[in-house]
Amino acid sequence: MSTLHRFLPLLSLLAAGCASYQPVSDTPVRIGRSYTVRGVTYVPGEQPGYDEVGYASWYGHESGNRTARGEKFRPDGISAAHPTLPLPSYVEVSELTSGRTILVRVNDRGPFARGRIIDLSRGAAKLLGIDRQGQAAVRVCLADPDEKDRKRLRKGKAAKERPPLTSEVLAAQRRRLSLPRE
């Protein structure tokens with residue numbers, strides 16, 4: 001038996017290990033080190049009370065890629081990428097035209113484009129009703145969902161339906177969006 005044939009089983013195991021993904025779990029929560037993309041430095045950290053308005057985009061062509069958490073990216077799952085929130089985090093994302101609100105699990109890093117505050121998976125974009133647009137104005141708030149919703153989102157499924165923003169809250173969030181950034 002040649003030397004190569006003796007090592008084929010070992011090579012197969014190593015190759016399989018390289019292709020494996022981390023299991024989808026909420027522990028451990030990872031903060032990560034600061035990093036720079038296109039000249040902008042991002043500093044991940046705990047952000048209690050996170051509540052921002054900006055623009056969401058969506059992505060879905062990266063099927064099978066690894067998320068920043070090491071999980072397999074599922075384009076049709078309900079997930080998102082955020083540049084600095086701990087991984088995973090849970091956020092409510094509200095579309096600022098309709099007020100529609102969904103719960104999303106953040107398990108990846110991004111977006112890295114000026115003015116965008118979150119990248120949604122294709123499944124989350126469809127659920128929010130923005131999949132036919134390239135981007136949409138949104139409000140993103142840190143959330144602490146119950147275990148049933150967390151479990152559904154870990155499986156890539158939608159959480160229970162959220163109430164839409166009231167017309168008063170929607171108007172206030174739109175005003176926040178139009179304020180100049182400091």
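Me: What share of the residues of the protein chain count as buried?

Reply: Buried means under 20% relative accessible area, exposed over 50%, and partly exposed in between, with a 1.4 Å probe and protein chains only. Of the 182 residues of this protein chain, 43% count as buried. The model is predicted: local features need pLDDT of at least 70 and side-chain atom pairs count only at pLDDT 80 or more, whereas totals for chains, interfaces and linings use all residues. Residues are numbered from 1 along each chain as its sequence is written, and side-chain values use heavy atoms, with hydrogens and water left out.

Me: How many helices and strands are there in the protein chain?

Reply: Helices (H or I, at least four residues) and strands (E, at least two) are DSSP runs, numbered from the N terminus. The protein chain has four helices and eight strands. Along the sequence, their pattern reads α-β-β-β-β-β-β-β-α-β-α-α.

Me: Which residues of the largest nonpolar core touch the most other members?

Reply: In soluble globular proteins, nonpolar side chains tend to be buried together. A nonpolar core is a set of buried Ala, Val, Leu, Ile, Met, Phe, Trp, Tyr and Cys residues joined through side-chain atoms within 4.5 Å. Here the largest core has 26 residues, and Val91, Val93, Val104, Ile118, Leu120, Val138 and Val140 touch the most other members. At least two residues of this core come from each of strand S5 (89-95), strand S6 (101-108), strand S7 (116-121), helix H2 (122-128) and strand S8 (135-143). A second, separate core has five residues, among them Val53, Ala137, Leu165 and Leu170.

Me: With which residues is Val91 in contact, leaving aside its neighbours within four places in sequence?

Reply: Contact means heavy atoms within 4.5 Å. Beyond those neighbours, Val91 is in contact with Leu85, Ile102, Leu103, Val104, Val106, Ile118, Val140, Cys141, Leu142 and Ala143. For the protein chain, residues 24 or more positions apart account for 77% of the contacts with a separation of 6 or more.

Me: Which residues of H3 are buried?

Reply: An α-helix has 3.6 residues a turn, so residues three or four places apart point the same way. In H3, the buried residues are Asp149, Arg150, Leu153 and Arg154. Seen down the axis of H3, these fall within an arc of 135°, so they line one face of the helix; the arc is that of the directions from the helix axis to the C-beta atoms. They pack against S5 and S6. Arg152 also has its place in helix H3 (residues 147-154), but Arg152 is partly exposed, with a relative accessible area of 41%.

Me: What volume does the largest cavity have?

Reply: On a 1 Å grid over the protein atoms alone, a cavity is a set of points where a 1.4 Å probe fits but cannot get out, and a pocket is an open set with protein on both sides within 12 Å along at least five of seven lines; lining residues have an atom within 4 Å of a point. Grid points are joined across faces, edges and corners, and a volume is the space filled by probe spheres set on the points. The largest cavity has a volume of about 70 Å³, and its lining includes Arg74, Ser79, Arg105 and Asn107. Ser79 is found in strand S4 (residues 79-81) and is buried, with a relative accessible area of 9%.

Me: What lines the largest pocket, and which residues lie nearest its centre?

Reply: The largest pocket has a volume of about 580 Å³. It is lined by 22 residues, of which Ala113, Arg114, Gly115, Arg116 and Ile117 lie nearest its centre. S3 gives the most to this lining, with four residues.

Me: Where do cis peptide bonds join residues here, and which residue has a positive phi although it is not a glycine?

Reply: Most residues other than glycine have a negative phi, and most peptide bonds are trans. A cis peptide bond joins Thr27 and Pro28, with omega about -10°, and another joins Gly110 and Pro111, with omega about -15°. Pro111 lies in the loop between S6 and S7. Arg38 has a positive phi of about 50°; its place is in the loop between S1 and S2. At 70% relative accessibility, Arg38 counts as exposed.
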